[in-house]
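I opened a notebook page for this structure. My notes follow in the order I looked things up.

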Amino acid sequence: MLLIDCPWCGPRDDAEFHYGGEAHIVRPRDPAALSDEAFAEYLFLRQNPRGLHLERWSHAQGCRRWFNILRDTATNEVVEVYPMGERPRSEAGRAAYAANWRRDSEAERNALAPAGNGGAAEDGGAA
Amino acid sequence: MNAQPYRLESGGRIDRRAPLRFRFDGRALEGYRGDTLASALIANGVHTVGRSFKYHRPRGILGLGAEEPNALVQLGVGNATEPNARATAVELHDGLVAASQNRWPSLAFDVGAVNTLLHRLVPAGFYYKTFMWPQSWWLKYEYLIRRAAGLGKAPPGPDPDRYDKMHAHCDVLVAGGGPAGLAAALAAGAAGARVVLADEQAEFGGSLLGDPGREIDGAPAAEWVRRTVAALEAAPEVTLLPRATVTGYYDHNYLTVLERRDGASAGAGAPRRRLWKVRARRVVLAAGAHERPLVFADNDRPGILLSSAARGYAVRYGATPGRRVAVFANNDDAYRTALALAERGVAVPAIVDLRPNPAGELVEAARAAGLAVHPGHGVVATAGRRRISRIEIAPLTSDGGALAGTPRAVACDALAVSGGWTPAVHLFSQSGGKPRWDEARDAFVPGASAQAEVSAGACNGAATLAECLEQGFAAGAEAARATGHSAASPSAPPHAVEPAQGPARPLRAVPGKKRPDRGDWHFVDFQNDVTAADVHLAAREGYRSVEHLKRYTTAGMGTDQGKTSNVNALAILGEVLGAEIPAVGHTTFRPPYTPATVGAYAGRDIGPLFDPVRATAMDPWHRRAGARFEHVGQWMRAWYYPRDGETMRQAVDREVRAAREGVGVLDASTLGKIDIQGADAAEFLNRVYTNNWLRLAPGRARYGLMLKEDGMVMDDGVTVRLSENRFHMTTTTGGAAGVLDWLEEWLQTEWPDLDVYATSVTEHWAVAAICGPRSRDLLAELCPDIDLSRDAFPFMSMREGTVAGVPARVFRISFTGELSFEVNVPRRHGLALWEALMAAGEKYGICPYGTEAMHVLRAEKGFIVVGQETDGTVTPHDLGMDWIVSKTKPDFVGKRALSRRDMLRDDRKQLVGLLTEDPEEVLPEGAQIVEAVRPRPPMAMIGHVTSSYNSPNCGRSIAMALVKGGRARMGEAVSVPLARKTIRARVVEPRFFDLEGSRIDG
C-alpha cells in the first residue's frame, strides 16, 4: 500500500488513487501523418522497467486531479511528485525522461512539432 | 480422578480461583483463567490433539505459541466455527468447544492412519506423480484428495460474527511485546513519540512470562514487565494492543494488525476481530524467535515438544508436560528447561546433549542439581503409541553421523527438544528486506533494511536478555529521534545479568538405528508430514532450488508456513547438495504471519454494505407496483412489472406492446448525465465524439459515439446543447463514472488549454421516458407551456417548461423508435412526476415498462447497447455505424486507429441480425456461432450472439450477433450448437421493426 503525496491534498493511501500508466506520452499533433508503426508506438508500446518509472496518477477518490510521479518499481519508493504538464526536476527523473526511447520516436516528434501544419488538436503542453 | 492431573501445585500466571469449563472432542475438561487451550489440555494430560496431514499419525502439542504446527483444532460449532485454530494461541474461556481435526472416525482410531503403513507408496511429490492420468479423472482425484487431506472444516453458512476495521497512524509501531519490544516502546514513548505496541498474546512480556529466575534492573522480570506496561499505559501517546498480531508488512510502512477480541475479552455484540491498518513512520520489529526442533528418529510422538514450550507450560501456566521429562538439545538454553522442571518437582531422567563437551554455567548448574547429563549423545529412537513412553539414547561418532555405541533405553513420558533458535524474520522479509545467514548464530537474521524499520532482540539474532533489552531500547530511542521527538527519556537501557552460554552444535539430522535417508521417521515438517528422506528424495530427483523443494515436498507450506521446519529443511537440502546454507537460500515470506480470519478483511463490507446500492427517486413506486429488479452497475433498476400470475415473458411482451401501441413509461433516471460547460465545450465534444458538434444549435440534441484512442467503441449517448457554452451529456448507466474520468483525463493531461468543466449531474435529475403513439397526448395534459407539436418540437431537440407543475427539461429523443419524450426534473420531484404521469395516463392505458422491455424495444430497432453489442474490440465500422463517424473532421480520439491495417480486415466480427428457423426459439445470449456443426468440439467459431429476445411486435424471436465477415453473409445459414441441441438461424440485417422509421413522430 503506497503512500502517495498528492500535490493538492497531501499524503494519502494509494487506494484513493488511480494509476494512469507511463507519463509523458504526448498525443501526436497530426496522427494521420503517422505510419501504422509509428502510431502503434504511441498507442500500444509502454515502458515496463525494473527501476525508475515516470508515471501518471490521479487522485480519483480525492481531488480528482492528475499528476506525475517518479517511482522505483522495484522498491516502490516515490522519488518525486510533480504537476501534470511539467517535467521531472530531480536528477534521476530528468535522466529517466531523457533515456526513454520515446524521445526519439516519430510520434513524439509529430506531437511536439510547431503548430500550423494541419493538425487539429492544440498542443496541451503535457510534455 | 484428579481434575487437571498435570497441574503443578503452585505457580504460573493462571487464576486458580477462576476455573473454566471447556470441551475437547466432547470430553468435559477444566482449566483456569489465564490458560491457553493448549496449556489446559496439557494440565489435563491430553497430548494427542490431532492426526497428521498425510500419514494420519497421532500428533501432540509441539510449541507454546505462534509456531505450533500440530495442535490445530476446530473451534466452536455451527456457522461460528473456526477451523485450524492453534490450540497454543487460543485463550481459554468458559464454555469453549474444540475438536481435533483430520481424523475419522475418532482421534484414537483413525482409518487414514493406514497411510503410515503405506508410506513407501506416498513419497514426496506423490500427488504430482500419481494424480496425472487420465485427464478425465482429475476432478475425482481432487475430491478424494481434499476429503482425505483436509484440515479443518469451513462453516456451512454465513459467519454470524461481526468484524471491524481500524485505521491508525503513528510515529513508531512496535511489533512484539517481549523484552525488546517493551524496551523499544518505553524508550520511544518516553521521548513523546506516538507509539503503537502490538503483541499477539493476551499479556505483554513474551518470553519473560515463561522464563524463571530472570532479573531486570534488579527486580524479577515479571515485576519489570508489570512496571513497564503500567508506565506505557500511563503515557498519553502510547496505544497498547494485546491479543494483536502484526500479520502483514506492506509498502511504505503500512502494516496490518489482527486483533482478537473473542473469547475471554468479548462483550455481547462486540466485534470478534479487528483488523488494524497502521501507517507508521518508523517500525521496530521485535518479533522474537521460534525454537527449532531436532530432526531425529520418530521425533513426532505426542509428548515430544519444544524445550521452550515445556518450560513455558510449567512456569507460565503451572502445567507440566509430563512426570518424567527428558531433555534433548544441542545448546545451553535447554538446561534452563531441565532446571525449571526439576525445581518444580518434575523428574528429569536425562539431558541428552549432542555436544561432546558441553560447558557453561547452566550446564554446571544442572550437574550440580544432580541431573544426568549425557554429552555427545543423541536420541536415536522413541517408543510409545499415543504418547512417548521411552527414548533410546546412544553416543554418537564425533562427526555426529553414526552411532558410536549401543543404545540404551530411558523411560519418560515427555521429551523436551531444542535445536536452537530461528529469529522470526517474517515481517522483516515482508518489508522487502533480504535475510542473511549468520554462521555464528546458525540462523537467518535481518539484512539491510528496505523500509524505515529496524529489527531488535531475538528476531535480530540477539541471544541474551541483555542484548534484547539494549537493542530494543536503542531502536525505540532512535525511532523517536527520527520522528522528531526528543523529550527526556531514560538514558540507559534496562539492565539484565544472566549466565554465560556455551556455543550450540548444529546437527541437521541425528542418526537413528537406520540411515535417516533410508528409513525411520525423521520428521522435518510436522504439519506437512515431510521427512528428511523426502528432502533427500527431492534433491535426488533434481529439486535443488529451495523454492522447488518447498513446492515438491510441501515443506514449509500449510498454516504454520514452516516456522519450526524451514531452517532444518533447507539445511538438510544444503547437506545433500554439498552447498552452504546461504547458497541454498530461503523461501519468500508472505503475509499473513499467522493465519488470519477472512471475515476480518471483509469487516462490515458484507451483505447490503458490500457495495453501495443506488436507487432512483421513483424506486418506492416500482416497489409498490411489485416490480422485479435487476442490478445495473450499482443501480437497482425495475426489470419488469409482472401482474398477477404473469410470467416474465408475458409481462415483458405486454410492456413491449404497450410502448408501441399506446403509451409506456420507463424510469430512465440511471443514465449517466454530465454537465459540460466552458467556452471550448463544443470543441471538446468535437474531439471526444466521432461526429461533428461545432454546428449543433442550442436546444438541439445529437447522438454521439465515443471511442478509445484504439478506435474501439467506449460509450454512447445523446448530448443536448443547452446554450452556446453548455451541454448536457448522457452516458450509459454503467459507463457514467468511467466517461467522466475519461473526459477529465483528456482535459487535465492533454488539453489543459481548453476552457471546459465537466460535472456529474446523474443524481441531480430524475428522468421519465414516455414512449408510444399516445405519449404526446399524455404529456400535453401535464405540460401546459411547451408546444409539443411535431413542427414546434422536432425530434432531437430540447425544450424547457413545466411538467406536472415542476420545472423540467424535456428531450424529444427516442431509444425505441417510437414518438418519445424524456422528461427531466430535479430528483426531489421525480416520484411526484412519475405519480402524475401514472394518474394522467390511466385513460391512455399507460404501462410502466422495465429494462427488459427497453432492451426488446431497442433491439427491434437494431439500436446497440454498449457493453452488450460491444466488448472493447468493436469499432463503429464493425457495428455498421460508419454514418456517425465524421469523414471531414481531421482528428478525434480514436480516428487514426480506425485506419490501421487490422481495422480494415474483411473478416472482422461485424454486427448482424439472426433469425432462427423456428420463430419461437430464443437464442441464448453469448452462444457461439459456427458455420458447420461437427460431431464434437472443436469447431471453428465465427461469432457469438450479443442480444436475443422474443419480439411480440415482430411476432417472433430476434437476435443480434457479432459474426466474422457478417455483412457479406446476409441470407446465409449459421448454426448455434448448444449442449443438447443445435439451433439454425439465418443472417439478416440487424433491424427488425419499422425499417423505414415512420413511427418516430407518432
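I read chain A along its sequence and noted the pattern β-β-β-α-β-β-β-α-α. That makes three helices and six strands in chain A. Helices (H or I, at least four residues) and strands (E, at least two) are DSSP runs, numbered from the N terminus.

I noted that the model is predicted: local features need pLDDT of at least 70 and side-chain atom pairs pLDDT 80 or more, while totals for chains, interfaces and linings use all residues. Residues are numbered from 1 along each chain as its sequence is written, and chains are lettered from A and ligands numbered from 1 in written order.

Next I checked burial. Of the 127 residues in chain A, 28% are buried (20 or more other C-beta atoms within 10 Å of the residue's own, with C-beta atoms placed from the backbone).

Then I looked at where the chains touch. I found 25 residues of chain A in contact with 25 of chain B (C-beta atoms, placed from the backbone, within 7 Å). Helix α1 (residues 36–43) of chain A gives the most to chain A's side, with three residues.

Last, I turned to a sheet in chain B. Six strands form an open, mixed sheet in the order β40-β41-β42-β39-β33-β43; strands pair if DSSP finds at least two bridges between them. Which strands stand at the edges? They are β40 (798–803) and β43 (847–848) of chain B, each with a single partner strand, so one side of each has no neighbour in the sheet. I saw β39 (residues 765–771) and β42 (residues 820–826) of chain B pair antiparallel over seven bridges. There, W765(B) stands opposite P826(B) in β42(B).

Methods:
Contact = placed C-beta atoms within 7 Å. Buried ≥ 20, exposed ≤ 12 C-beta atoms within 10 Å, placed from the backbone.
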